[in-house]
Amino acid sequence: MTHATYPPAAETGAFGIDIGGSGIKGAPVDLVVGEFSADRVRIPTPQPATPDAVAATVARLVDSFDLSHDLPIGVTFPAVIQHGIARSAANVDDSWIGTDVSRVIAEATGRRVLAVNDADAAGYAETLYGAARGHDGVVLVVTLGTGIGSCLVVDGTLVPNTELGHLEVDGHDAESRAADSAREREDLDWEQWAERLQRYFRVVEDLLWPDLIVVGGGVSKKHDHFLPLLDLRTPIVPATLRNAAGIVGAAALAARGTHLD
Ligand code: BGC
């Protein structure tokens with residue numbers, strides 16, 4: 001368990017990397033304000049996205065910055081990450097399962113690395129610097145993208161790897177119908193997609209009874225099109241760090257230096 005304290009660590013800077021299916025993005029992060037301290041760099045994810053190929057790309061990205069050698073690096077990964085090890089591969093190459101992501105990236109970059117689930121990183125950033133800052137109680141951050149990621153924060157403590165995107169809803173893996181990728185794939189209009197989100201979030205709130213739901217992922221910048229269509233008992237708000245959240249959260253966690261368990 002990780003408690004979200006502010007400021008997050010004695011260190012005031014760290015480097016964050018977001019490993020995604022199409023791009024690997026990284027930036028140095030100012031942890032005092034929770035913002036990039038230099039422009040983000042993006043390199044396309046190598047295909048096939050095997051551990052060795054991705055680690056080499058991450059090393060190239062890190063080397064494109066002039067960083068002090070002891071700057072901690074936080075890496076987000078779209079899978080269950082237990083003690084640094086990938087335990088699932090919903091939208092990434094199966095060869096990652098069982099891979100020690102922290103170690104593979106540490107070896108490739110020669111640096112101190114901490115790997116974390118992408119939604120946990122984003123949710124941690126929203127808790128420290130964004131829409132959930134200062135909220136006690138049960139906060140659920142849900143990212144809508146290729147998949148659905150979830151991050152549960154209880155009184156500032158992050159409960160890692162909740163994987164609520166894979167809840168079974170009406171006989172389906174929830175993310176296969178309600179992720180933003182389903183909206184695009186099936187060419188759903190906002191009302192049609194909102195109906196699926198309504199069903200999803202209703203199931204989630206009936207099971208968890210959160211005090212606040214924060215919606216992240218790239219589509220959250222278009223929240224005006226779908227959040228007002230939802231009828232939930234739980235207050236639901238857009239994330240404020242948007243696409244920066246993963247990088248910022250991973251950097252903040254790396255600065256703490258411990259895994260989320
Ligand atoms: C994965 C999660 C991930 C989410 C968002 C899901 O398919 O199982 O680990 O957080 O996608 O990328």
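Tutor: Domain bounds here come from an automatic or database domain assignment. The model is predicted, so local features need pLDDT of at least 70 and side-chain atom pairs pLDDT 80 or more, while totals for chains, interfaces and linings use all residues. Residues are numbered from 1 along each chain as its sequence is written, and side-chain values use heavy atoms, leaving out hydrogens and water.

Student: Which domains does the assignment give the protein?

Tutor: Happy to start there! The C-alpha centres of the two lie 24 Å apart. In their contact (heavy atoms within 4.5 Å), 9 residues come from domain 1 and 13 residues from domain 2. The assignment gives domain 1 (13-120 + 244-254) and domain 2 (131-240).

Student: How far is a polar side-chain atom of D118 from an oxygen atom of the ligand?

Tutor: Polar contacts here are pairs of N or O atoms within 3.5 Å. An N or O atom in the side chain of E175 is 2.8 Å from a ligand oxygen. For D118, the distance from a polar side-chain atom to a ligand oxygen is 2.5 Å.

Student: How much of the ligand's accessible area does the protein cover?

Tutor: Accessible area comes from the Shrake-Rupley method with a 1.4 Å probe. On its own, the ligand has 310 Å², and the protein covers 93%.

Methods
Polar contact = N/O pair within 3.5 Å; in protein donor to acceptor, adjacent residues only side chain to side chain.
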